[in-house]
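Dear colleague,

Please find below the structure that I am handing over to you. The findings follow directly after it.

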Amino acid sequence: MPRTIAVNTWVWTSPLTDATLEPLARKAAEMGYQALELPLESIGDWDPGRTREVLDGLGLGAIVVGAMGPGRSLLSRAGDVTATQDYLRSCLDAAVTLGSDVVAGPFYAPTGVTWRMTAEERAEIVRELRENLRPPAEEAASRGIALAIEPLNRYETSVLNTVEQSLDALEPLLGAGVGLALDTYHLNIEEKRPADAVRAAGSSIAHVQVCGSDRGAVGDDHTDWPELLRALDDAGYRGPLGLESFTGDNATIAVAASVWRPLAPSQDELARRSIHALRALGA
């Protein structure tokens with residue numbers, strides 16, 4: 001059976017709000033997408049109950065995505081751990097309302113914050129991450145949801161860059177409440193062989209995000225998409241593929257995602273080309 005293909009509303013806007021949700025959801029459905037990735041940048045940006053009504057009316061599924069802005073971290077040196085744990089609980093509340101079985105994001109440090117670490121310092125960071133992730137992970141498991149932890153490229157974090165690092169750091173927690181969120185953009189930068197990394201992640205994969213190797217459309221880039229899809233099959237992952245790209249029209253998100261030039265003639269064109277390519281590939 002074909003996978004569910006989702007699209008992140010960051011393709012068009014940031015932050016997502018109640019006012020922008022319905023027109024974007026309608027547009028995505030008309031393009032053939034079957035679900036929306038819904039970034040919850042700040043609690044209250046959009047109402048989960050109303051969002052559920054909109055998506056149900058259009059026959060769309062929902063995937064909740066977290067955003068690690070300044071000060072949001074499970075590591076004390078990079079932010080407020082207690083506030084971040086509370087934020088993750090709010091994301092879980094939204095996921096329950098929406099019927100999302102994952103909450104995906106780089107839930108360890110603010111995106112764009114990096115620092116050097118010795119082996120001893122990294123070991124301490126891993127210990128603290130495990131300790132501070134455990135309470136929201138246990139709550140996620142009790143609610144039938146996985147926190148899908150996303151490794152990012154070296155320019156966006158120094159904590160978790162590769163599948164190998166992520167499996168090692170999260171090993172005691174991997175299971176019902178914790179998995180990995182893999183993003184083909186970061187895999188392209190950090191993994192020697194992205195398909196091998198996908199296979200190594202195996203049953204720990206909880207969510208997958210896709211885009212071109214330049215963060216643009218799927219299919220006209222150098223990614224070996226047939227091999228990547230075979231690797232997902234080998235790993236046993238049949239969950240959604242979520243297109244994640246970003247608009248350069250919003251200054252905050254353009255800087256955060258380093259979007260310095262148009263990635264397609266328009267954001268609509270980027271979304272259309274991507275879903276056509278994925279379906280042509282038999283995704």
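Which residue in E3 is the bridge partner of Leu 36? The partner is Ala 62. Before the remaining findings, a note on the basis of the work is needed. This is a predicted model, in which local features need pLDDT of at least 70, side-chain atom pairs count only at pLDDT 80 or more, and totals for chains, interfaces and linings use all residues. Residues are numbered from 1 along each chain as its sequence is written, and side-chain values use heavy atoms, with hydrogens and water left out.

The barrel

Strands (E, at least two residues) and helices (H or I, at least four) are DSSP runs numbered from the N terminus. Eight strands close into a barrel, in the order E1-E2-E3-E4-E5-E6-E7-E8, with parallel pairing. Two strands count as paired if DSSP finds at least two bridges between them. From one strand to the next, the twist averages 30°; angles run from 0 to 180 degrees between N-to-C directions, and axes are lines fitted to C-alpha atoms, for helices over the stretch in contact.

Strand E2 (residues 35-40) runs parallel to E3 and is joined to it by six bridges. Of the six residues of strand E3 (residues 61-66), five are buried (under 20% relative accessible area; exposed is over 50% and partly exposed lies in between, with a 1.4 Å probe and protein chains only). Strand E1 (residues 5-8) pairs with strand E8 (residues 241-243) over three bridges, also in the parallel sense. Here Ala 6 has Gly 242 of E8 as its bridge partner. Helix H10 (residues 267-280) packs on the sheet and touches E1, strand E7 (205-210) and E8, where contact means heavy atoms within 4.5 Å. The direction of H10 makes about 155° with that of E8.

Two packed helices

Two packed helices are described by the angle between their axes and the distance between the axes. For helix H2 (residues 48-58) and helix H3 (residues 81-98), the angle is about 35° and the axes are 9 Å apart. On the H2 side, the contact is made by Pro 48, Gly 49, Thr 51, Arg 52 and Leu 55, and on the H3 side by Ala 94, Thr 97 and Leu 98.

Salt bridges

The structure holds 20 salt bridges, each being a side-chain nitrogen of Lys or Arg within 4 Å of a carboxyl oxygen of Asp or Glu. One of them joins Arg 52 and Asp 56 (3.1 Å, N to O). Both residues lie in helix H2, four residues apart, about one turn of the helix. Arg 52 is partly exposed at 33% relative accessible area, and Asp 56 is partly exposed at 47%.

In helix H3, Asp 86 and Arg 89 lie three residues apart, about one turn of the helix, and their side chains meet in a salt bridge (3.0 Å, N to O). These two residues belong to a network of salt bridges that links Asp 86, Arg 89, Asp 93, Glu 139 and Arg 143.

Which residue forms a salt bridge with Arg 199? Glu 227 does, with the closest N and O atoms 3.0 Å apart. Glu 227 lies in helix H8 (residues 225-235) and Arg 199 in helix H7 (residues 194-201), so the pair ties together parts that are 28 residues apart in sequence. Arg 199 is partly exposed, at 29% relative accessibility.

Yours sincerely
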